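Biologist: I would like to go through the labels used for this structure and ask what each one rests on. Could you show the sequence and the structure first?

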There are 2 protein chains.
Amino acid sequence: MVVTIIGIGLIGGSLALSLKETGLAHHIIGVDRSPDNQRQAVALGLIDEPAQDLTEAVQRADLVVVAVPMDAMLTVLPLVLDAATDRQTVIDVGSTKALLLQAVEHHPQRSRFVAVHPMAGTEYSGPSAALPGLFRDKTLVICDAPRSAPDAVARVEAVFGRLAMRLVYMDATAHDLHTAYISHISHITSFALALTVLEKEKEDEQIFALASGGFESTVRLAKSSPDMWVPIFRQNRENVLDVLDEHIHQLQHLRELLHQENYPAVYQQIQQANLIKKILK
Amino acid sequence: MVVTIIGIGLIGGSLALSLKETGLAHHIIGVDRSPDNQRQAVALGLIDEPAQDLTEAVQRADLVVVAVPMDAMLTVLPLVLDAATDRQTVIDVGSTKALLLQAVEHHPQRSRFVAVHPMAGTEYSGPSAALPGLFRDKTLVICDAPRSAPDAVARVEAVFGRLAMRLVYMDATAHDLHTAYISHISHITSFALALTVLEKEKEDEQIFALASGGFESTVRLAKSSPDMWVPIFRQNRENVLDVLDEHIHQLQHLRELLHQENYPAVYQQIQQANLIKKILK
């Protein structure tokens, strides 16, 4: 299979590694608006061939992966579909879906497109952040599959099944709501936590001598790139605002209980929060 | 060295493993108000000998470790010091310090006590949560060291230096303020995040099909025990409230920027949060 990857960062690059490792791709063409990323992607062995001409790069491929930030996605995906023939399967790997699917809703090649979201990543970005095995045992959400051609869906299922991903089917609206809860809010919390601590650090540098595992765990997402996350928050703004309001409400409630020294109620809230055990391993 | 550990949970048990592994302890006596914990601690090889008589267990030891939750600590530590002679060094491993140090301020054996806080742990508790190597390369805070006998401080430095911990010296007030920022707020955020998502789950079970690494990372602390954390929040209430107010303020600010669709400002806030990179590895 010839694969063209547009946007060779953390996700595009990691996918390239997995497609090579499994033998699914025998040739990978890489397109990136940054010549530097393209050079790095070749040097790191993520892609076999850098390309500039989008139309040619699309038409030579069996599978086209668009892995650019969500704002660029809205303009790049229609261009890719303009170039696509019935031979190509085109996927995105984006974190929000409703706006993107609206943007290509009436595209004549809509059926060649399968909207997918691999629930995997790290707080790093760029080709050098690519990791082998990033997708193994993670979930792939396939959105609005009935709008895609059956052969295109079948190809996506075969490829990501081979990468050992769990396939989950969902419509775009449900996807955007759920990811607000499961992913987007975690990032906002982490950004806010970093800002809280950095604000304090102005007064006292010694504080970071104490940074421990629990802190690292909750704050690591705060290293994530604004180039990736601002477009996600923009495109999923209403869901993110709803979840954020609920989260602020929960924090205010805990704050009030602590302020009132109502420790039995704090205890009960923590016990309630512990129920998250049934979801996390 | 004979070591007596009072409270054989995650921290007490992990310390037992490290003291054995390094050969620092040739005999470990374990005291726990739970007979079940005591049995488990023997079965898991954490302790050599379970004991009931606190006075005897203290007096037979060179080093006494009090590793009980912070509310019990306020009553257990004075009892331990009542039993201590000039031969013993007594340490706590607690997460808050100001109230505890007040509680023993005028104790005749105050100088045998060294207040320490190993900045290490997991979200699990009990003897079965004990881990070898938990303390390696982590920070140990030693509080108000000038109030302890020089030989007791020297013993603590030797023991924890041998466990490959970084030693940091701080007064109790600074410790409690800094841990509010570096540890306690992370737990509150995580509890609130779990409550937010669990609230949502009532409506929709499918949401957890999507739980990914980022979610797990920010929410794992929400599995932490209320028996450990309520006493910490109680004893460090004022600092925790201050930090929590600042954190809620940061979240509300991000919320407002998103509500106003002021994306350049959201971008700038994330860039600011990214500065946490200079602190975390």
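Biologist: How do you know that strand S4 (residues 63-66) and strand S5 (residues 89-92) of chain B are paired?

Modeller: This is a predicted model, and in it four bridges join S4(B) to S5(B). Pairing requires at least two bridges, so S4(B) and S5(B) qualify as a parallel pair. Within the pair, Val64(B) has Val90(B) of S5(B) as its bridge partner.

Biologist: Which helix packs on the sheet and touches S5 of chain B?

Modeller: Helix H6 (residues 150-162) of chain B does, and it also touches strand S6 (113-118), strand S7 (139-143) and S8 of chain B. The direction of H6(B) makes about 60° with that of S5(B).

Biologist: What makes S3 and S8 of chain B edge strands?

Modeller: The open sheet has eight strands in the order S3-S2-S1-S4-S5-S6-S7-S8 (chain B), with mixed pairing. S3 (49-50) and S8 (166-170) each have a single partner strand, so one side of each lacks a neighbour in the sheet.

Biologist: Why is strand S1 (residues 2-6) of chain B called largely enclosed?

Modeller: Because five of its five residues are buried. Both faces are covered: Val2(B), Thr4(B) and Ile6(B) are buried on one side, Val3(B) and Ile5(B) on the other. S1(B) also pairs in the parallel sense with strand S2 (residues 27-31) of chain B over five bridges, and Thr4(B) stands opposite Ile29(B) in S2(B).

Biologist: Why is Met165(B) called buried?

Modeller: Its relative accessible area is 7% and the cut-off for buried is under 20%, so Met165(B) counts as buried. Met165(B) is in the loop between H6 and S8 of chain B. Leaving aside residues up to four places away in sequence, Met165(B) touches Pro118(B), Met119(B), Phe135(B), Lys138(B), Thr139(B), Leu140(B) and Phe160(B).

Biologist: And why is Glu261(A) called partly exposed?

Modeller: The relative accessible area of Glu261(A) is 46%. Glu261(A) lies in the loop between helix H10 (237-259) and H11 of chain A, and its phi is near 55°, a positive value in a residue other than glycine.

Biologist: Where is Asp144(B) found, and what is its phi?

Modeller: Asp144(B) is in the loop between S7 and H6 of chain B. Its phi is positive, about 50°, although Asp144(B) is not a glycine.

Biologist: Why are helix H4 (residues 70-83) and helix H9 (residues 226-235) of chain A called roughly perpendicular?

Modeller: They pack at an angle of about 75°, with axes 7 Å apart. The range for roughly perpendicular is 65 to 115 degrees, so H4(A) and H9(A) belong there. The contact joins Met70(A), Asp71(A) and Leu74(A) of H4(A) to Pro231(A), Ile232(A), Arg234(A) and Gln235(A) of H9(A). By class these residues are four nonpolar, one polar and two charged.

Biologist: What makes helix H11 (residues 263-274) of chain A and helix H9 (residues 226-235) of chain B oblique instead?

Modeller: Their axes come within 10 Å and cross at roughly 140°. Roughly antiparallel needs an angle over 145 degrees, and roughly perpendicular ends at 115, so H11(A) and H9(B) are oblique to each other. The crossing is right-handed. Residues in the contact include Tyr263(A) and Ile270(A) of H11(A), and Trp229(B) and Phe233(B) of H9(B). By class, the contact has eight nonpolar, two polar and two charged residues.

Terms used
Residues numbered from 1 in each chain as written. Chains lettered and ligands numbered in written order. Predicted model: local features only at pLDDT ≥ 70, side-chain atom pairs only at ≥ 80, totals over all residues. Heavy atoms only, no water. Axes fitted to C-alpha atoms, helices over the stretch in contact; angles between N-to-C directions. Helix = DSSP H or I, 4+ residues; strand = E, 2+ residues; numbered from the N terminus. Parallel < 35°, antiparallel > 145°, perpendicular 65-115°, else oblique. Left-handed = near helix turned anticlockwise from the far one by under 90°. Contact = heavy atoms within 4.5 Å. Nonpolar A, V, L, I, M, F, W, Y, C, P; charged D, E, K, R; others polar. Buried < 20%, exposed > 50% of the residue type's maximum accessible area, 1.4 Å probe, protein only.
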